Amino acid sequence: MLRAGIDIGSRTVALVVLDGLKTVRTALVDTGFNPLGTAREMAALVPPEVAIIATGYGRHAAGAEFARSVVTEIKAHALGVSRLFPEARTVLDIGGQDMKVILLDGRGGVNDFQMNDKCAAGTGKFLEVMAGALGYRSVEDLGRDSLQGNAIIKISSMCTVFAESEAVSLLHRGVARSDVGRALHVSVVERAFGLLQRVGYEAPLVFTGGVAMNPCIVTMLKEKIRGRVIIPENPQLVGALGAALVDCGKDGV
Amino acid sequence: MVNDYRLMWESMGLDLEAHDQLLQALPPLYGEVYLNQQNRPDGMEYFDFVVNEIHGLRIQELQEHKGRGGKVIGTFCVFVPEEIVRAAGGICIGLCSGIEIGAAQAEKVLPRNICPLIKSFMGFKLSRICPYFESCDMVVGETTCDGKKKAFEILNDYVPVHVMEVPQMKREKDRFLWRSEVQDFLARVEESTGNTVTVESLQRSIKEINGKRRVLLRMAGLRKMKPAPISGKDSLLIEQIAMYDDVERFTAKVGELCDELEIRVEEGKGVHEQGAPRIIVTGTPMAIPNWKVPHIIESSGAVIVAEELCTGMRYFENTVPEDGESIEQMVDFIAERYLGINCACFTPNEGRLEKLVQLAAKYEADGIVYCSLAFCDPYLVEANRVEKALKEHGIPLLKIETDYGQEDTGQLKTRIEAFLEMIR
């Protein structure tokens with residue numbers, strides 16, 4: 001039986017179609033300025049008789065229109081990660097506009113979770129804004145260059161707006177942009193580590209979301225927790241996978 | 001309502017344009033949060049009426065009272081003994097401050113990063129938008145947090161403020177201090193109203209305010225039932241209205257509502273679907289029209305069964321003994337009752353931790369949502385003590401820090417829904 005999950009996030013919309021437990025189709029596009037419209041186009045890729053479960057910020061809008069039911073990103077990530085890595089105990093998800101840490105119960109459920117407050121500090125958006133401020137063409141370029149940066153300065157502002165002006169003033173002082181970039185990445189990792197500690201994380205840790213593809217963050221995170229960080233093959237699809245695994249109330253794990 | 005009361009508002013010196021904007025914002029919000037609810041008790045009609053007339057009929061009553069030479073005294077805190085105001089023939093009004101308003105005005109005298117409640121009351125006063133505030137002959141402040149304490153010094157430039165010193169601990173010497181503060185308050189109220197508090201008038205007002213508390217306790221008791229016969233949002237509204245409505249009328253109306261709720265309980269009729277998660281909210285006060293978090297909780301399929309808040313149980317949970325025979329003895333009884341409030345301004349505040357654990361058991365709660373206003377150090381820091389105590393008893397807890405803005409609604413909804421998924 002086919003099942004589909006759609007994760008409508010602030011930056012990307014992801015779709016996963018399952019046949020039983022096997023993934024038969026995936027898709028990932030930029031959310032753009034019309035999230036529901038983008039989601040609708042993605043949903044059109046799924047045969048009409050297949051139930052779609054929605055998650056992400058746009059879940060309720062999708063639920064009102066085409067989705068059979070909705071599930072939070074927290075539960076979706078718990079299900080998705082538990083399916084991919086049954087041994088996982090903790091999930092760190094850093095997406096476009098939020099950061100969350102989920103403590104897993106080992107059966108696909110959630111024992112506890114923490115999420116950042118309303119600001120964009122320490123999220124994908126934060127790094128995007130900073131890439132622009134430092135004159136990089138993309139956040140990937142920023143990540144690559146920052147890996148080469150030296151640990152000589154610290155960004156103390158957590159707020160995206162303040163951190164941007166802090167970064168700019170460092171550039172004016174003559175600090176190399178790779179060093180500023182590095183410091184910005186450190187601030188994201190510090191914030192993630194704070195959330196991990198607040199929830200009392202246990203290994204193994206799985207890192208999902210778009211920011212999991214940033215090599216600089218991953219390297220620093222490994223150093224920070226002094227342990228292994230598991231990155232799924234497609235870290236942006238885990239939420240949609242988890243949603244597809246929610247079988248109208250009956251968990252698919 | 002706008003047409004009927006315009007002259008009154010104008011004569012009170014309100015900024016009519018700004019006031020119109022506020023009044024226009026309220027009905028759509030109230031419609032969405034309140035009138036859309038399913039299975040509301042019929043008895044809510046009165047409270048809907050009170051909200052509809054929020055700046056109308058009740059203000060007219062206050063103005064008529066003032067026209068007869070009566071005084072209106074405003075408060076910001078459940079520590080201010082309303083019995084005493086009433087015994088001196090005054091009307092005691094809880095000033096709400098639950099909406100972001102007049103921020104630009106408020107920031108002329110206050111720092112930008114401060115508790116939204118403090119910013120709100122300053123904004124209301126400085127921009128002359130609240131007819132309750134403008135009806136007050138005196139407002140009573142207290143020292144329950146540093147922000148309020150210092151803000152009252154500023155507020156005193158615009159309206160006479162009497163500050164009561166609420167102690168930070170509950171030792172004998174603190175009780176002694178608080179008793180003397182209540183005594184001084186009585187003298188100040190007598191001075192302000194020009195009336196003497198007599199043994200008879202104080203005995204009577206103690207009974208009347210206890211009557212209001214008892215009827216709220218009765219309502220709270222009915223919410224222990226499964227399914228809950230009334231929503232948390234409606235209950236919160238009643239608890240908010242308790243602070244400014246006419247005491248006798250309010251008591252009678254809540255009594256009628258409770259009669260209806262008793263029938264509902266007998267019939268097993270609830271407001272939410274069977275098996276809806278039962279939630280207790282705790283934390284900082286939720287002043288009208290701050291219904292944000294309760295609305296998210298209840299529109300996500302849960303039901304709130306109790307509010308361990310100042311706009312909730314802390315306001316009505318203990319009564320004052322009614323057998324006092326002298327002013328002095330009654331002042332002692334009153335002081336003792338109010339010092340029993342478990343506010344986070346006290347250190348330690350074990351009473352609150354014990355209370356929450358008891359409430360979770362008595363109300364068969366599935367989880368507790370700790371909701372604190374931004375920049376409220378006492379409650380934000382005390383969350384750690386609460387979390388520790390609840391963990392020991394295996395009671396799930398969700399901590400939220402928010403303000404009067406709506407921009408975090410989506411984020412809060414995700415967290416609250418995930419919490420409900422977790423405890424279901």
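**Working through the model**

Reply: The buried residues of α11(B) pack against α5 (82-87), α12 (232-241), α13 (247-267), β6 (303-308), α15 (313-316) and α16 (327-339) of chain B. Contact means C-beta atoms, placed from the backbone, within 7 Å. Helices (H or I, at least four residues) and strands (E, at least two) are DSSP runs, numbered from the N terminus. This is a predicted model: local features need pLDDT of at least 70, side-chain atom pairs count only at pLDDT 80 or more, and totals for chains, interfaces and linings use all residues. Residues are numbered from 1 along each chain as its sequence is written, and chains are lettered from A and ligands numbered from 1 in the order in which they are written.

Me: Which residues of α11(B) are buried?

Reply: Leu202(B), Ser205(B), Ile206(B), Ile209(B), Asn210(B), Lys212(B), Val215(B), Leu216(B), Met219(B) and Ala220(B). Buried means 20 or more other C-beta atoms within 10 Å of the residue's own; exposed means 12 or fewer, and partly exposed is in between.

Me: And how far does α11 of chain B reach from its first C-alpha to its last?

Reply: 35 Å, for 24 residues (199-222). That is close to the 34 Å expected, where the expected span is 1.5 Å times one less than the number of residues.

Me: What sits in the loop between α11 and α12 of chain B?

Reply: Pro227(B) is there. A cis peptide bond joins Lys226(B) to Pro227(B), with omega about -5°. Another cis bond joins Ile288(B) and Pro289(B), omega also about -5°. Pro289(B) is in the loop between β5 (278-283) and α14 (292-299) of chain B. Most peptide bonds are trans.

Me: New topic. Where is Asn39(B)?

Reply: In the loop between α2 (16-35) and α3 (44-52) of chain B. Asn39(B) is not a glycine, yet its phi is positive, about 55°.

Me: Is Asn39(B) buried or partly exposed?

Reply: Partly exposed, with 14 other C-beta atoms within 10 Å.

Me: Switching to chain A. How is chain A divided?

Reply: Into domain 1 (1-85 + 234-253) and domain 2 (86-231). The bounds come from an automatic or database domain assignment. Their contact takes 17 residues from domain 1 of chain A and 25 from domain 2 of chain A. Helix α3 (73-84) of chain A gives the largest share of the domain 1 side, seven residues.

Me: Last one. How many residues does the contact take from chain B and from chain A?

Reply: 11 residues from chain B and 11 from chain A. On the chain B side, the largest share, eight residues, comes from helix α19 (409-423) of chain B.

Notes
Two residues are in contact if their C-beta atoms, placed from the backbone, lie within 7 Å.
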